[in-house]
Each structure stands twice: as C-alpha cells, then as structure tokens.
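Have a look at the fold, then read on for the overall picture and a few spots worth a glance.

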Amino acid sequence: MSAMSLTVADAMTSDLIIIPAEETPATALERIRPYTFSTYPVVDKQQHFLGLVTEARIRRSLAEDGKHSIGELADKMPCLAPGYPLIRAAMSMSETKTRQMPVVQGAEQTQLVGLLSMTDI
C-alpha cells in the first residue's frame, strides 16, 4: 500500500477515552486519572461528538469554581472522515498547527469513531 492511498482510518486511534458532556470537572478528572493523554473527546448522551477538552482546561475549571459541565468546556473543531486521504489530513493539521483531529461518520457526521494525532501519522 502506498502512502498516497492511506486514509485517516488506517492511522487513527479508535480505542478512545471519552468524557460524557454532562460530567463535572471533578468526575472527569477521576475518569482520566489513569491515562497520560492531554486531550479527550466529549460526547453527548446520544454519543454525538461535541468537541475536545484538555486535562489542563478541566483542572483550570475545577480551580476556578468547578460548576461548568465538561460539555461547556469542550472546544468545537473541524473533523475528518475515516476515508479522507491521510496525506491531506497531515498537511491540513500541519498548516493549522493542530495536534489532534476527531474522526466522525454517520449521516450527520457526528458519530465519533476515532482521533487522529500527529503521533499516529
């Protein structure tokens, strides 16, 4: 398989640690404590992707007042489709200085299926 024919699905991480949007910062920190990732996907009750949240942002929110839900802290961002050419995804990530991009599918392009990071590429 040549590098030109690789897709996002070939490189993405699909075994994700997901944080439910309704969780509090305190609960989210407990959930992610065993992991060393810096960024986590956030989904609603229907498992629709809402955005990404960093551990630093969760900790900052908790230090301030801890009253926001994780869904309110999540940053919305552009997403990729699993079939998108990997080389184009890498160029886009490099141009926008983005370290991770969510991978979604489904009729409304909201079903989270993976996360592509520069490390994956």
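Helices (H or I, at least four residues) and strands (E, at least two) are DSSP runs, numbered from the N terminus. This is a predicted model, where local features need pLDDT of at least 70, side-chain atom pairs count only at pLDDT 80 or more, and totals for chains, interfaces and linings use all residues. Residues are numbered from 1 along each chain as its sequence is written, and side-chain values use heavy atoms, with hydrogens and water left out.

**Overall build**
- The protein has five helices and five strands, and they come in the order α-β-α-β-β-α-α-α-β-β along the sequence.
- Along the principal axes, the C-alpha atoms take up a box of roughly 50 × 30 × 25 Å.
- Of the contacts (heavy atoms within 4.5 Å) with a separation of 6 or more, 52% join residues 24 or more positions apart.

**Inside and outside**
- Buried residues are 39% of the 121; buried means under 20% relative accessible area, exposed over 50%, and partly exposed in between (1.4 Å probe, protein chains only).

**Helix α2**
- In α2 (residues 25–32), the buried residues are Pro25, Ala28, Leu29 and Ile32.
- Looking down the axis of α2, those buried residues sit within an arc of 100°, so they line one face of the helix; the arc is that of the directions from the helix axis to the C-beta atoms.
- As background, an α-helix has 3.6 residues a turn, so residues three or four places apart point the same way.
- Packed against the buried residues of α2 are β1 (19–20), β2 (39–43), α3 and α4 (70–73).

- Ser61 belongs to α3 (residues 55–64) and is buried, at 3% relative accessible area.
- Leaving out residues up to four places away in sequence, Ser61 touches Pro25, Gly66, His68 and Leu73.
- Ala63 is also in α3, but counts as exposed at 68% relative accessibility.
- Ala63 and Pro25 are 38 residues apart in sequence, with their C-alpha atoms 9.6 Å apart in space.
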